[in-house]
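Open the model in your viewer and keep the selection tool ready.

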Amino acid sequence: MYVETATCQYLREEIFPQLAPPPYGDIEIRSLGKQKPVCLFFERKRNIMVVGKFFKWGVIPLEEASFKADKEYANLQLLREMLGKMADGDNVVAPLGENRELSALLVTERVLGLALDYFLTQAIFEQQHVQLFEILSHLARFLVKLHEGCKTEIPLSNTFPKFHLSNLLESLRDGPLDVSSRASIEKYALHWWDVEAVFSSDNETIVHGDATTTNFLFDKGNVTAIDLENMSWADRCWDLGFIAAELKHNFMWRSGDGQAAESFIGHLLWEYAVYYGDTNFFYVITSKIPLYMAIGLLRIARNLYLDESYRKNLILEAKRCLKYGLSSLIATVP
């Protein structure tokens, strides 16, 4: 009760005045997160809505939680400064404040729109395929703006994906990942690190870092990115590969037909190349997508709400991406 009272006081004193003048009425609190404590705070008198994300939960130490809150706040500020208000209404959610003492609370504006997950569900269960194609076109446009707006002159290296793949395999060791599958994945990945074409064709850029079906909101063709806690400097295909993995997973999990995702994955990558301004770039990104898609599938396989047999299927699909994607890449290297 104290935390709730203190949070409401903080909102009235520090957050709401940024959006509307006092006085303020009662604040309604609605839970938004299924796995993490994320809340919608709704003040009816001034019709103010903001979103609060509590980084201190479970066994996470306050120091670590506070560091993560600081990082996301800084990431949001940096990205908004670098990109400004994107053309066509695309945007990055605005940070409004943070408070270490309130379970490392980060408050952002509330953004209108539906998540990619909604459109995926509509496509899978209601055959709304045209709608999903359109949404993926909007997402491709947004990602090009993000990546090109924050591109560096630093050449790519294998350090970032190599580190994350190693961590993922270690985290899956006591779950659905058996010794044989791990050895196969490490063997195929080893060859990826040695193919110069994977990392010589581009430079580092800012990537969202957590490109899932819930972290992009769509409203009348406009896209807003949220949850920038894992924003990093990396290969643009990090984001593209994660979205591809999410598409594959959702069709596998919800319909049992992972192959049905292929046309949507191809559409996303083609539209990215079109908005990039060079359709030949399609072949550059598609040659690397299997590596990052495999990492994305292994990341999804960590989720304990998925049954173990399905998680093993995700690992098998990741292994296939590494094996057959590499064969395809080598065949195209001069």
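Predicted model: local features only at pLDDT ≥ 70, side-chain atom pairs only at ≥ 80, totals over all residues.

Select Phe-251. Its relative accessibility is 4%, so Phe-251 counts as buried. Buried means under 20% relative accessible area, exposed means over 50%, and partly exposed lies in between (1.4 Å probe, protein chains only).

Residues are numbered from 1 along each chain as its sequence is written, and side-chain values use heavy atoms, with hydrogens and water left out.

**Stop 1: ring pairs**

How are two aromatic rings described? By the distance of the centres and the angle of the planes. Rings of Phe, Tyr and Trp (its six-membered ring) pair if their centres lie within 6.5 Å; planes under 30 degrees apart count as stacked, over 60 as edge-to-face and the rest as tilted. By this rule there are 14 aromatic pairs.

Next, select Phe-119 and Phe-218. Their ring centres are 6.0 Å apart and their planes stand at 85°, so this pair is edge-to-face. Phe-119 sits in helix α3 (residues 116-126) and Phe-218 in strand β10 (residues 216-219), so the pair links distant parts of the chain, 99 residues apart. Helices (H or I, at least four residues) and strands (E, at least two) are DSSP runs, numbered from the N terminus. Phe-119 and Phe-218 are both buried.

Go back to Phe-251 and Phe-264. This pair is stacked, at 5.4 Å centre to centre with 15° between the planes. Phe-251 belongs to helix α8 (residues 237-255) and Phe-264 to helix α9 (residues 262-276), so the pair ties together parts 13 residues apart in sequence.

Then select Phe-160, Trp-238, Phe-242 and Tyr-292. Ring pairs link these four into a cluster.

**Stop 2: Ile-135**

Select Ile-135 in helix α4 (residues 129-149). Is Ile-135 buried or exposed? With 8% relative accessibility, Ile-135 counts as buried. Which residues does Ile-135 contact, leaving aside its neighbours within four places in sequence? They are Leu-116, Phe-119 and Phe-218. Contact means heavy atoms within 4.5 Å. Ile-135 and Val-223 are 88 residues apart in sequence, and their C-alpha atoms are 9.1 Å apart in space.

**Stop 3: around β10**

Show β10 with strand β11 (residues 222-225). Four bridges join them, and they run antiparallel. Two strands pair if DSSP finds at least two bridges between them. β10 and β11 form a hairpin with two residues between them. Lys-220 in the turn has a positive phi of about 55°. Find Leu-217 and Thr-224: they are bridge partners. On β10 you also find strand β7 (residues 114-115), joined to β10 by two bridges and running antiparallel.

**Stop 4: strand β9**

Select strand β9 (residues 203-207). Five of its five residues are buried. Strand β8 (residues 151-155) runs antiparallel to β9, with two bridges. Strand β12 (residues 232-234) is joined to β9 by three bridges, again antiparallel. Zoom in on Val-207, whose bridge partner in β12 is Ser-232.

**Stop 5: the open sheet**

Colour five strands in the order β1-β2-β3-β6-β5. They form an open sheet with antiparallel pairing. β1 (27-31) and β5 (95-99) stand at the edges with a single partner strand each, so one side of each has no neighbour in the sheet. Neighbouring strands are turned by 25° against each other on average, direction ignored. Angles run from 0 to 180 degrees between N-to-C directions, and axes are lines fitted to C-alpha atoms, for helices over the stretch in contact. Now pick β5 and strand β6 (residues 105-109), which pair over four bridges. Asn-99 has Leu-105 in β6 as its bridge partner. Helix α2 (residues 62-83) lies across β3 (48-54), β5 and β6, at about 160° to β5.

**Stop 6: two helices**

Finish with helix α5 (residues 159-171) and helix α6 (residues 179-194). They pack at an angle of about 180°, with axes 12 Å apart. That makes α5 roughly antiparallel to α6. Angles under 35 degrees count as roughly parallel, over 145 as roughly antiparallel, 65 to 115 as roughly perpendicular and the rest as oblique. Select the residues that meet, including Leu-165 and Leu-169 in α5 and Ile-185 and Trp-193 in α6.
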